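Visitor: Hi, I have a new model open and would like a hand with it. Could you walk me through a few spots?

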Amino acid sequence: MKKFDVIALGELLIDFINNGKSEQGNLTFEASPGGAPCNVLSILAKLGRKTAFIGKVGDDIFGKRLKSELRALSINTESLLLDKDTRTTLAFVENDETGDRSFSFYRNPGADIMLTPDEVSEDAIKAARIFHLGTLSMTHEPVLSATKKALSCAKENGCIISFDPNLREMLWESPEDAKAAFDYGMKYCDVLKISDNELVWFTGEEDYGKGIEVLQNRYNIPLILFSMGRDGSRAYCNGKYVEVPAFVQKNTVDTTGAGDTFMGSCLHFVLENGIESMTEEKLSEMLRFANAAASIVTTRKGALRAMPTKDEILALQNA
C-alpha cells in the first residue's frame with residue numbers, strides 16, 4: 001500500500017478574483033487560495049483520496065495562509081516549503097459575464113519558481129500511486145530542474161504520470177518554450193488532460209479529431225482527457241472513444257478551477273479502475289461524474305475551497 005494516492009508538484013498561489021465594485025465604483029477582489037495542481041488535490045481529498053503537495057510559497061501572510069488551507073483540506077504539506085527571500089505568487093483574475101477569465105500574474109519572481117532539485121523529496125514521490133504536474137513549474141529555473149528530477153523519479157518508481165499543461169501564455173518567454181514544455185510532459189505521461197484551445201494551439205489543427213490523432217501518433221498516451229467547456233468532454237483510451245455533454249448551469253459565476261476539478265475527478269476513477277481495464281461504459285461514467293463536478297465549481301467563487309462533495313456531484317449527475 002502506498003502512503004499517497006496522488007502527489008502533485010507545482011504552483012500554489014493566491015487568486016485575487018474580481019468580486020464586483022465597491023460603492024465608490026472601484027473594483028473589488030476576493031483573495032482565494034489556488035493553483036492548478038492543488039485544485040486537483042483538493043477535489044481528490046474531498047472524494048476521500050490521500051494527497052500530498054510538493055512546492056514552495058513565500059514566508060509571508062499569504063504563504064502561511066496557503067499552508068494552513070492545505071492542511072485544513074487534508075492535503076499533506078510535509079513537502080511544502082516557505083521561502084524567506086521570495087514572496088508568494090499572486091494572480092489577479094477578471095471574469096466576463098459568461099465566467100471566462102483573464103489573468104495578470106505577479107511572479108517576477110514568485111516563490112513557486114524558486115523550488116530547487118535538492119528540495120524535492122524523492123521519498124514522498126516513491127510513496128505515491130500517481131504523480132501529477134502541469135507546465136507552470138517549467139517556465140523558469142530552478143523549478144524547471146526540480147520538476148524534471150521529480151518526473152524522472154516518479155517514472156522510475158512506477159507512478160502513473162498525470163499531466164495537465166494548463167497553458168498561461170503570458171508566463172513564457174516564447175511560444176516555442178511553452179511548446180517544448182508541453183512536449184516534455186507528454187513524452188512521460190500516462191494520463192493527459194488537454195483543453196480545446198490548448199489542443200489547437202499545440203497541434204495547429206482546428207479539427208479536434210485530427211489534433212487528438214496528432215498527439216496519439218506522436219506520444220502514444222494511454223488515456224487522453226479532452227475538455228471542451230460548455231461543449232462537454234471526451235476520453236480516448238487504448239482505442240476506445242467516448243464523448244459526454246456538459247452540465248451547463250445558468251448560475252455560472254466563475255470558471256476558475258473547473259478544468260482542475262474535472263481532472264481530479266477523472267483521476268479518482270483511474271485510481272479505482274486503472275487505465276488498461278477502462279471500458280467505454282466506465283469512461284462514460286467517469287466523464288459524467290467529472291463534468292458534473294466541474295459544473296458545480298463554476299457556480300462558486302474560487303476553486304481550492306469550493307470543491308463539491310461526492311453526494312453533490314451524484315445529485316447533479318442523476319438529476
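This is a predicted model: local features need pLDDT of at least 70, side-chain atom pairs count only at pLDDT 80 or more; totals for chains, interfaces and linings use all residues.

Visitor: Let's go with the rings. How many aromatic pairs does the structure hold?

Guide: There are 10 aromatic pairs. Take Phe-29 and Phe-92: their ring centres are 5.5 Å apart and their planes sit at 80°, so the pair is edge-to-face, given that angles over 60 degrees count as such.

Visitor: Where do Phe-29 and Phe-92 lie?

Guide: Phe-29 is in strand β3 (residues 27–34) and Phe-92 is in strand β6 (residues 90–95), so the pair ties together parts 63 residues apart in sequence.

Visitor: Are they buried or exposed, or in between?

Guide: Phe-29 is partly exposed, at 32% relative accessibility. Phe-92 also counts as partly exposed, with a relative accessible area of 25%.

Visitor: And what about Phe-182 and Phe-202, which kind of aromatic pair do they form?

Guide: That one is stacked, with 5.4 Å centre to centre and 25° between the planes. Phe-182 belongs to helix α5 (residues 175–188) and Phe-202 to helix α6, 20 residues apart, and the pair links distant parts of the chain. Both Phe-182 and Phe-202 are buried.

Visitor: Which residues do ring pairs link into a cluster?

Guide: Phe-16, Phe-29, Phe-62, Phe-92 and Tyr-106 are joined that way.

Visitor: New topic. How much space lies in the largest cavity?

Guide: The largest cavity holds about 60 Å³ of space, and the count of cavities of 30 Å³ or more comes to one.

Visitor: What lines the largest cavity?

Guide: Its lining includes Glu-11, His-132, Asp-164, Asn-166 and Asp-260. Helix α1 gives the most, with three residues. By class, the lining has five nonpolar, four polar and three charged residues.

Visitor: Now Asp-207. Where is it?

Guide: Asp-207 is in the loop between α6 (196–203) and α7 (208–219). Its relative accessibility is 40%, so Asp-207 counts as partly exposed.

Visitor: What does the side chain of Asp-207 reach?

Guide: It reaches the backbone nitrogen of Gly-209, at 3.0 Å.

Visitor: Last one: is Ser-227 buried or exposed?

Guide: Ser-227 is buried, because its relative accessibility of 12% is under the 20% cut-off. Ser-227 lies in strand β11 (residues 223–227). Leaving out residues up to four places away in sequence, Ser-227 touches several residues, among them Lys-193, Asp-196, Gly-232 and Phe-262.

Note on methods. Residues are numbered from 1 along each chain as its sequence is written. Side-chain values use heavy atoms; hydrogens and water are left out. Helices (H or I, at least four residues) and strands (E, at least two) are DSSP runs, numbered from the N terminus. Buried means under 20% relative accessible area, exposed over 50%, partly exposed in between (1.4 Å probe, protein chains only). A polar contact is a pair of N or O atoms within 3.5 Å; within protein, one must be able to donate a hydrogen and the other to accept it, and residues adjacent in sequence count only if both atoms are side-chain atoms. On a 1 Å grid over the protein atoms alone, a cavity is a set of points where a 1.4 Å probe fits but cannot get out, and a pocket is an open set with protein on both sides within 12 Å along at least five of seven lines; lining residues have an atom within 4 Å of a point. Grid points are joined across faces, edges and corners, and a volume is the space filled by probe spheres set on the points. Ala, Val, Leu, Ile, Met, Phe, Trp, Tyr, Cys and Pro count as nonpolar, Asp, Glu, Lys and Arg as charged, and the others, Gly among them, as polar. Contact means heavy atoms within 4.5 Å. Rings of Phe, Tyr and Trp (its six-membered ring) pair if their centres lie within 6.5 Å; planes under 30 degrees apart count as stacked, over 60 as edge-to-face and the rest as tilted.
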